Amino acid sequence: MHQTWRRSLQLRVVSITLVASSLLVGGFAVLVAERITNILLDNATADVKQRLENGRNYAENQINVYTVSYAPKLSATFENTALYLAGNDPEQVAGVVVALQADGFRTIEPATSPVGVNVSPMISDELRERVAGGEVAHQFRTGNLDGGTAKYLVYGSPVPTKFGQVELYYFVPLTRWDKIADEARSTVVATGITLVLLLGLLSALVTRLVVNPVRVAARTAQRLSAGLLDQRMVVNGEDDLALLAASFNQMATNLQRQIVRLEEMSRLQRRFTSDVSHELRTPLTTVRMAADLIFAERDEFDPAVARSAELLQAELDRFEGLLTDLLEISRFDAGFAMLDAEPTDLVPVVHRVVERLDGLAARLGVPLHLSAPDLPVIAEVDPRRVERILRNLVGNAVEHGEGRPVEVVLGVDEQAVAITVRDHGVGLKPGEEKLVFNRFWRADPSRARQTGGTGLGLSISLEDARLHGGWLEAWGAPGQGAQFRLTLPVRAGDRLTSAPLRLVPSDAAAGAVVPVPSGARLAIGAGAAPVPESMAAGSDGPGDSAASEAGAQRTEVTT
């Protein structure tokens, strides 16, 4: 129900309309019903009051001819008067009871009509005192006077006589008035319910007219996002909704045109890169053969020519590496890259990468520290691609290490393997961790490359990690160096949820944490889970405890 409420605009509008109209119509119905009841009650009171006035005058005329000494005749007169007032009046209300009493004279019997009705319980002491005091008073009482319980309007009035005051009471049943009031209330309630339902139906129809085009637009947008670029909305009429549909179709047409153009440009670019890379292979092979011959005989040349031969050899090596990387990038772009996963012990792979970069690290004066478990770390990976990733990461760390140590740490838990490469160089500025995986990007364009890199290493490494369904993430802070973390699933095809090693190093200064950018998280493998924010921020993730256990027995190798 909560999901339906949040997702359906029509349901919300109709519900709010029903609730608001119910409150308004309900309040109006209460006021109308109360007003009708008050009017009916006022009419009944005025009618009884008028009849009481006429009855008092009639009783006064009948009783004034006697004195108290004619008590027997007075009793008969009381009965006749009560009988006349109760039944002989053709306009009298049905079921009315009339009582004539002389509370100040015990010898005069009270008279009621119908005869024998006990009206004493229906006359309260307060009403009796007020009438005895000479006031015309009334009250509402509920009782049984004619065989059934009913609500009565009791009116009392003093009747002055020659021998003193007597009291005249009218007991008028309000059954007829209550019935009229109930019918009026029922009519008001039925009318209110009908009005609320009509308002709800009207709001549903009006909302449907507005919501349906929006739903059609949403479905069309979903189809467009799924790649069905020929989807369009139907335009009916010339109103605002028709304008919306026309504008939407125009936008879809422009998007389709741009997407097709960009796809064609991308296809041409990929084809150009691939063709150029392949076409350059043949002349490069010829130049390489000549350069190798010249380089082998450089000792017999003039020193300037020998130096030129060395430079030519170095640049050819870099050019050949660039062509290899371009071919690899073109395979990734074309979707032809394949993963040859097999159970591999990553410990010797990491050792091999560190040993191969030993000479470069020694030449730059950068100490290399490796921390790996003593036991084998087996994972289903493509060893060639993993070694290429580590070679890029460690090579970049050595180049940017500024003569400070570079730490390589291998950690494992039940679900994932992680390798971190930490340097203590200049670090990354805020936002640069979003750019390090871009092709041909450099943190400092003016820096001279010591390793002859092509600028595509981290881009290829990112694609290799994605192909494994893993993560390749970066952290850095100015003056504190940088750290890269490669996380791979132990079993090929598993989804990653945590990493055994933290992304942000423990020696990072407080307040210098740079979260992993969204771009890095988007660069994970297809179907992989997003990087948890806790790990991106460097806090203890779910895999930290496992990492500490896996790292309990480690071999420290310092180069």
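Rings of Phe, Tyr and Trp (for Trp the six-membered ring) were taken as a pair if their centres lie within 6.5 Å, with planes under 30 degrees apart counted as stacked, over 60 as edge-to-face and the rest as tilted. The structure is a predicted model, in which local features need pLDDT of at least 70 and side-chain atom pairs count only at pLDDT 80 or more, whereas totals for chains, interfaces and linings use all residues. Residues are numbered from 1 along each chain as its sequence is written, and side-chain values use heavy atoms, with hydrogens and water left out.

By the ring criterion, the count comes to 2 aromatic pairs. One of them is formed by Phe437 and Phe484, which are edge-to-face, at 6.2 Å centre to centre and 85° between the planes. This pair links distant parts of the chain, 47 residues apart: Phe437 belongs to the loop between strand 10 (416-423) and helix 11 (457-467), and Phe484 to strand 12 (residues 481-489). Helices (H or I, at least four residues) and strands (E, at least two) are DSSP runs, numbered from the N terminus. Phe437 counts as buried at 8% relative accessibility, and Phe484 counts as buried at 10%; buried means under 20% relative accessible area, exposed over 50% and partly exposed in between (1.4 Å probe, protein chains only).

The protein has 14 helices and 13 strands, and buried residues make up 41% of its 559 residues. Among contacts (heavy atoms within 4.5 Å) between residues at least 6 apart in sequence, 68% join residues at least 24 apart.

A nonpolar core is a set of buried Ala, Val, Leu, Ile, Met, Phe, Trp, Tyr and Cys residues joined through side-chain atoms within 4.5 Å. The largest such core holds 43 residues, of which Val350, Leu390, Val394, Leu410, Val417, Phe437 and Phe484 touch the most other members. Helix 10 (residues 383-399) gives the most to this core, with 7 residues. A second, separate core of 28 residues includes Leu74, Ala86, Tyr170 and Ala181.

Ala477 stands opposite Gly481 in strand 12, and among the 3 residues between the strands, Gly479 takes a positive phi near 80°. Strand 11 is largely enclosed by the rest of the structure, because 7 of its 7 residues are buried. Trp471, Glu473, Trp475 and Ala477 point one way from strand 11, and Leu472, Ala474 and Gly476 point the other way. In a regular strand the side chains alternate between the two faces of the sheet.

An open sheet of 5 strands has the order 2-1-5-4-3 with antiparallel pairing. Strand 2 (111-113) and strand 3 (137-144) stand at the edges with a single partner strand each, so one side of each is left without a neighbour in the sheet. The twist averages 20° from one strand to the next. Strand 1 (residues 97-101) is joined to strand 2 by 3 bridges, and Ala99 stands opposite Thr112 in strand 2. Helix 4 (residues 125-132) lies across strand 1, strand 3, strand 4 (149-160) and strand 5 (165-173), running at about 135° to strand 5; axes are lines fitted to C-alpha atoms, for helices over the stretch in contact, and angles run from 0 to 180 degrees between N-to-C directions.

Charges over rings were assigned where NZ of Lys or CZ of Arg is within 6 Å of the ring centre and within 35 degrees of the ring normal. Lys151 lies over the face of Phe140, at 5.4 Å from the ring centre, and Arg176 lies over the face of Trp177, at 4.5 Å.

Key
Two strands pair if DSSP finds at least two bridges between them.
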